[in-house]
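Please examine the sequence and the model shown here before reading on.

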Amino acid sequence: MIKVCIVGVGNCASSLYQGLHYYSINNVENEGIMSIDIGGYKPEHIQVVAAIDVDKRKVGKTLKNAIFSKPNCTPVLYGDVQDGPIVSMGKEKIKVNTLCYRKMFLNELIKLSLFGKNFSKLSASEITYTS
């Protein structure tokens with residue numbers, strides 16, 4: 001069993017939680033999931049045991065209720081999910097320094113030399129980001 005804590009109960013968490021339940025019950029191949037079995041592990045081997053968020057609209061609710069709470073806007077793809085854990089309040093909101101991520105991204109490009117292209121001559125200012 002793989003035990004997971006979800007940090008940030010947003011749209012991605014909603015899709016993940018719905019997908020885990022859908023694919024645990026409907027053992028289908030090639031229908032929205034790349035591989036139903038990875039190293040002997042299947043979706044039914046993943047158990048969400050904790051969830052953390054900083055939005056008061058989600059904290060204190062079951063994960064099932066929190067994933068469908070505002071401001072989430074992910075459609076209900078599979079609503080027959082377990083209640084799951086109670087969402088706990090995170091300690092604080094953390095602002096992320098975008099420049100730090102740009103430098104990390106650039107370093108990874110240099111290390112990997114993606115697509116055979118030489119990225120070592122690029123600087124962080126030459127990479128375009130959108131938000």
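## Contacts and overall fold

Among contacts in the chain between residues at least 6 apart in sequence, what percentage join residues at least 24 apart? In this predicted model, the share is 65%.

The chain contains three helices and three strands. Of the 131 residues in the chain, 26% are buried. The accessible surface amounts to about 9,300 Å², and carbon and sulfur atoms account for 57% of that area.

## The sheet

The three strands form an open sheet with parallel pairing, in the order β1-β2-β3. Its edge strands, β1 (2–7) and β3 (87–89), each pair on one side only. On average, neighbouring strands of the sheet are turned by 25 degrees against each other, direction ignored.

Strands β1 and β2 run parallel and are joined by six bridges. Lysine 3, for instance, has glutamine 47 in β2 as its bridge partner.

In soluble globular proteins, nonpolar side chains tend to be buried together. The largest nonpolar core of this chain has 13 residues, and those with the most contacts inside it are Val9, Tyr17, Val48, Leu63 and Val87. At least two core residues come from each of α1 (11–25), β2 (46–53) and α2 (63–66). Helix α1 supplies the largest share, three residues.

Key: Residues numbered from 1 in each chain as written. Predicted model: local features only at pLDDT ≥ 70, side-chain atom pairs only at ≥ 80, totals over all residues. Heavy atoms only, no water. Helix = DSSP H or I, 4+ residues; strand = E, 2+ residues; numbered from the N terminus. Buried < 20%, exposed > 50% of the residue type's maximum accessible area, 1.4 Å probe, protein only. Contact = heavy atoms within 4.5 Å. Areas by Shrake-Rupley, 256 points an atom, 1.4 Å probe, with all protein chains shown as cover. Core = buried A, V, L, I, M, F, W, Y, C linked by side-chain atoms within 4.5 Å. Pairing = 2+ DSSP bridges. Axes fitted to C-alpha atoms, helices over the stretch in contact; angles between N-to-C directions.
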